[in-house]
Amino acid sequence: MSGKRGATRLGFAVLLKFYTQYGRFPRGRAELAGEAVEFVARQVQVPASALGFYDWTGRTVEYHRAQIREHLGFRECSVADAEKLTAYLAEHIADKERRPEQVRVELLARCRTESIEPPTSGRCDRIVGAALRAAEESLTALVSSRLTMESVERIVALVAGADQDDAGPAGGGAEGEESPPVLAKVKEAPGNVSLETEITDTLVELLISTVHRIGARAEKKVTEQLVNAFKKVSGKENILFKLAEASLGAPEGTVRQVVFPAVSGGEATLRELVHEFKTRGPVYRRTVQTTLKVSYTNHYRRGLIRLLDVLEFRSSNDTHRPVIEALALVARYANAGNTTYYPLGETVPVHKAMGGDWAEVVHRTDRRGRRRVVRMVYEVVAFQALRDQLKCKEIWVVGADKWRNPDEDLPQDFEARRAENYRDLRKPLDAAVFVDELREQMTAELTLLNDKMPKLSWLDIAERKSGAIRLTAAEAQPEPRNLRRIKAEVQRRWGVVPLVDMLKEAVLRTGCLDAVTSVSGGGSLSPEVLAERLLLVIYAYGTNTGIKAVASGGHGHTEDELRYVRRRYLSAEAARAIAVQIANATFAARSTELWGQGSTAVVSDSTHVRAYDQNLFTEWHSRYGGRGVLIYWHVEKKSLAIHSQLINCTASEVAAMIEGAMRHGTTMDVEANYTDSHGQSEIGFGITRLLNFDLLPRIKRINKVRLYRPVAGEPDAYPQLTPALTRPIRWELITQQYDQMIKYATAIRTRTASTEAILRRFTRNASHPTYAAMLEVGRAQKTIFVARYLRLRDLQREIEEGLNVMEFSNGANSVIAYGKGGEIASNRRDEQEMFVLCLRILQSALVYVNTLMLQDILGEPEWADLLTPADRRGPTPLFWSHVRPYGEVNLDMGARLDLAAAAVPGPRAPADQTTRSTVENA
């Protein structure tokens, strides 16, 4: 440092400190943190602003770099050094690790060990590439050296397609018959390529959303225009009388002199009256259709036509063949210029979507009086019909996964394993037995409700325009008085605990990081170091602060080291297994005296998380009013999250509900599921009946709900319920389609297809007979539930309490995931999923440690005696008044919380692994 002043002195010091820390020189001023520069500037007694005058190019900075290298014992990477590094990587690293980014990490570590300054980024890439090639060539030479001459000849014949006399014809066909080489056959059918299917699925979803957007925007635009222009004219009879009186009084006068003055408001009122008439009836639909056609022609058409070129549509139902033929016609005339009509000799396929409101718009009479098909309108109608049939999978897409042939969704061995499948679903083989059981339950519940009606002060059923059912809200229950004192005692005993310490305590007590072993392979990190870095990475993702921010804490691990652990060890499967292990440990640690017996009910709902617009999976959600994605949570009644999944805004929440209840992977047996109003669909009731768990939703607009009759021909049955009753259930349809419904339920249970893919067949646009039968089962089950819900006040409170648990859980998530304003920054699906899983891990760790804290306190008689019945009803381990999620992240694995020891659960019983095992959930 001697002899250097001002900017030169500060620049040299900064270069020295940076090289000492990172083993390389900074590439420029932008890489230097302002706080670090100020710290060094104070040490060398030079103003930090002087660094702006330091020359980062030229002989001075090169001389400084040479001095620093000499002082620290480092040297520049020569050609010989690069060759030695390549040889080392090829021999010791690249033979086991084929990922370039991991080999690069090892290269930088080797450079530091050998006191070699890391090469430039481009040169590093060349060294890594050369090492991977050398390792591959070495492995190939090793394998080929061990092959016998006979094996070599057979491999050459396989590639060349020559006849293999000793093994028969290459193609496996008849002898002497020409057939393609075996290798050619393999290349022709490489199997399901996940990237291609994902792209195809995304393109199909893009097509569906685009067609929907065209119609929705057209309707919104026209509605706004009409609402702004529309003013309802009152007193039309008086206006008519005044007009008649004025006209008869002065028949020779002009309209402006006689008619206009006779009406209050004059000409303006009459114009509003005419406009009101024009905006009613079919005029609105025609305006919407015209606006839609213009929007499609001017903007959306080009993209949709291109999607037709890359997607191949098919249907297993001949009823929908006209739609596919219509798409072929659209593609054939896609480049026909400004042609208004299709040629007279062209056969135009006719499908259902061309009827109704579109009939008058699709067809038009030309100048010669001939009825013609308008090309652009026909294209719009064809795309709308395609969208409707794609959504219910009546039309499917070749090469897709979500939108594939629906026949592939069903188990192919169902007939061979019929008895086993029925037994696993606990359903009788005879459809009549199933129908009788369902009908008897309906009859029993309706009878109980009818008999109890006079005594139910909160319920009134009568004929009224607003709906037959009137249900009074339940009165508020007594408020717990001592829970705040208990939470205050938690903070007094353990102080304000950093969130990272809560996670650390849960990890050390449950041993949940053992789940990472299957992912770690033969890593070189010690278990202790790996555990620390995994903790920090989980904390970085779960709080949404990011690895870079967490790496600046006091724990001794760099950002590069944490990113390496994330890439190498923390997969989605590993994170999911960690969350499941913490959940199971919480179940095992719970005291039955405080928490009661194990719960079998969960509550589920979605949470909207905002995401950056550049994200490919970001969608606008109409209900939440913003762009983002949905996280669908399953939380048991004591506030422990047992399942989480990332879904698109357009995904079925009923499917997500079923998926989580069936495949949460914990030791909990789910027998009931509370949901918000999205769970009240009849299809949801039908599916859950077949899958053997109760659907308990909050009923929206319960005044409009109709109860179905169990038996036809008994109009006088249930006289107290008559205003709310409707037609009987069609039991014969259920009997006819019973076997097919069991087949779909088996597909969901055995995961031959996703739950969403199965339920996609059961939409309003579907004409599938099994859909109609599933609706009847759902209507019967919904009637059973609603009758019980109206009769039992405790059930109403139970559902409300469950939904309150979910709202409280969402509040905890907003506190934990505070980083970046709660928005997801990454546009990668795997990064988003990792955020969701790590958030679940953090919340589960918080619940686990809080459970132990509460049990320690309430295990003391003086505190246990304070609890009133209201207090025992309301304790929850999900609270955070004593937790600090913010601030610098300091990790000390030796510092522990003083808590009573908790039992760690053993492996799950094999009997449950068929449907809800961790492996299957992963």
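First, the ground rules. The model is predicted, so local features need pLDDT of at least 70 and side-chain atom pairs count only at pLDDT 80 or more, while totals for chains, interfaces and linings use all residues. Residues are numbered from 1 along each chain as its sequence is written, and side-chain values use heavy atoms, with hydrogens and water left out.

Start with helix H20, residues 499-510. Helices here are DSSP runs of H or I with at least four residues, strands are runs of E with at least two, and numbering goes from the N terminus. H20 has twelve residues. From first C-alpha to last, H20 reaches 17 Å, close to the 16 Å expected at 1.5 Å a residue. That expected span is 1.5 Å times one less than the number of residues.

How many of the twelve residues of H20 are buried? Eleven. Buried means under 20% relative accessible area, exposed means over 50%, and partly exposed is in between, with a 1.4 Å probe and protein chains only. Among the buried ones are Asp501, Lys504, Glu505 and Arg509. The cover includes helices H22, H25, H32 and H33, plus strands S7 and S16. Just after H20, Gly511 takes a positive phi of about 65°.

Now H33, residues 829-858. The axes of H20 and H33 come within 8 Å and cross at roughly 75°. Axes are lines fitted to C-alpha atoms, for helices over the stretch in contact, and angles run from 0 to 180 degrees between N-to-C directions. The two helices are therefore roughly perpendicular, a label for 65 to 115 degrees; under 35 is roughly parallel, over 145 roughly antiparallel, the rest oblique. The contact (heavy atoms within 4.5 Å) includes Leu499, Met502 and Arg509 from H20, and Leu842, Tyr848 and Met853 from H33. Its residues divide into twelve nonpolar, two polar and two charged. Nonpolar covers Ala, Val, Leu, Ile, Met, Phe, Trp, Tyr, Cys and Pro; charged is Asp, Glu, Lys and Arg; the others, Gly among them, are polar.

Next, backbone. Most residues other than glycine have a negative phi. Gln45 has a positive one, near 60°. Gln45 sits in the loop between H2 and H3 and is exposed, at 72%. Arg751 also has a positive phi, about 65°. Arg751 lies between H29 and H30 and is partly exposed, at 36%.

Last, Arg791 in helix H31. Buried or exposed? Buried, at 15%. Arg791 touches residues including Glu445, Lys452 and Trp458.

How values were computed. Lists of a residue's contacts leave out its neighbours within four places in sequence.
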